[in-house]
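Reader: I have a structure open on my screen, and I would like to learn how to read it. Could we go through a few features together?

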Amino acid sequence: MTVVLVTEIDGLVLRELLREDLEAFTALVERNRAHLPEQWEATATPNELAAYFDEPWDDNLRLGIRLAGELIGRVDLNPIAPPNHVLGYWLDVDHRGRGYATAACRSVVEHARRHLDAAEIYAGVTHGNDRSVAVLDRLGFEKVDTLDTYDRYRLVLS
Ligand SMILES: CC(C)(COP(=O)(O)OP(=O)(O)OC[C@H]1O[C@@H](n2cnc3c(N)ncnc32)[C@H](O)[C@@H]1OP(=O)(O)O)[C@@H](O)C(=O)NCCC(=O)NCCS
């Protein structure tokens, strides 16, 4: 069954990304290439995106962030070592600054807590990505490790 999650913001929902979303997703990526320095999609060709949608190489829960039906971003939950997961997220550049990423990630964390029996959620943030750190701060993550290029954050679910 397709996963759909509501958020605390009216009209903002998350819905599992499916093959039928490829066209909208590709258009979203095209608009955002310059604004996604760390995401693999930023350098993926349309054919590579299509191949990924046909046969994803990850086991992530892949969710599209939708505002009034329009695809505006993505949140992933990677079951890297269940019950531990890794959270990833990005938002369309024109929709930043309104709390959408925070609300979307909060719903995903809640889903992980309630339905996936997740114990810990991790996120890696490249040094200097302050907006991403701010999202994690708002969700209660704490920095647990500093590596060469990024910091590791963790949220322990109770
Ligand atoms: C990381 C990223 C998703 C953060 O986006 P964002 O828009 O800053 O985050 P949010 O959508 O949660 O919005 C937060 C902003 O909305 C404001 N806001 C308004 N209403 C809000 C609400 N109800 N809740 C939280 N914040 C709210 C906050 O004050 C904040 O404003 P500020 O930027 O002026 O401080 C975005 O910068 C991005 O996609 N970056 C590229 C990809 C990336 O780096 N991903 C993370 C990899 S680790």
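Author: Gladly! Keep in mind that this is a predicted model. Let us begin with Arg-66, which counts as buried because its relative accessibility is 10%, and the cut-off for buried is under 20%.

Reader: Where is Arg-66 found, and what is it in contact with?

Author: Arg-66 is found in strand β3. Leaving aside neighbours within four places in sequence, Arg-66 is in contact with Gly-11, Leu-12, Val-13, Arg-15, Asp-21 and Leu-71. A polar atom of the Arg-66 side chain also lies 2.8 Å from the backbone oxygen of Gly-69.

Reader: How should I read a nonpolar core?

Author: Here is the general idea: in soluble globular proteins, nonpolar side chains tend to be buried together. In this model, the largest nonpolar core has 33 residues, and Val-75, Leu-87 and Phe-141 are those with the most contacts inside it.

Reader: Which element gives the most to this core?

Author: That is α3, with 8 residues. Others that supply at least two residues each include β4 (70–81), β5 (84–91) and β6 (120–126). Apart from this core lies another, of 14 residues, among them Leu-36, Ala-44, Ala-50 and Tyr-52.

Reader: What does Val-75 touch?

Author: Not counting residues up to four places away in sequence, its partners include Leu-14, Leu-63, Ile-65, Leu-87, Ala-104 and Val-108.

Reader: Last, the ligand. How many residues surround it?

Author: There are 19, and the closest are Tyr-89, Gly-97, Ala-101, Thr-102 and Asn-129. Look at the backbone too: a polar backbone atom of Tyr-89 is 2.7 Å from a nitrogen atom of the ligand. A polar backbone atom of Ala-101 is 2.8 Å from an oxygen atom of the ligand. On its own the ligand has 940 Å² of accessible area, and the protein covers 72% of that.

Definitions and conventions. Residues numbered from 1 in each chain as written. Predicted model: local features only at pLDDT ≥ 70, side-chain atom pairs only at ≥ 80, totals over all residues. Heavy atoms only, no water. Core = buried A, V, L, I, M, F, W, Y, C linked by side-chain atoms within 4.5 Å. Buried < 20%, exposed > 50% of the residue type's maximum accessible area, 1.4 Å probe, protein only. Helix = DSSP H or I, 4+ residues; strand = E, 2+ residues; numbered from the N terminus. Contact = heavy atoms within 4.5 Å. Near = heavy atom within 4 Å. Polar contact = N/O pair within 3.5 Å; in protein donor to acceptor, adjacent residues only side chain to side chain. Areas by Shrake-Rupley, 256 points an atom, 1.4 Å probe, with all protein chains shown as cover.
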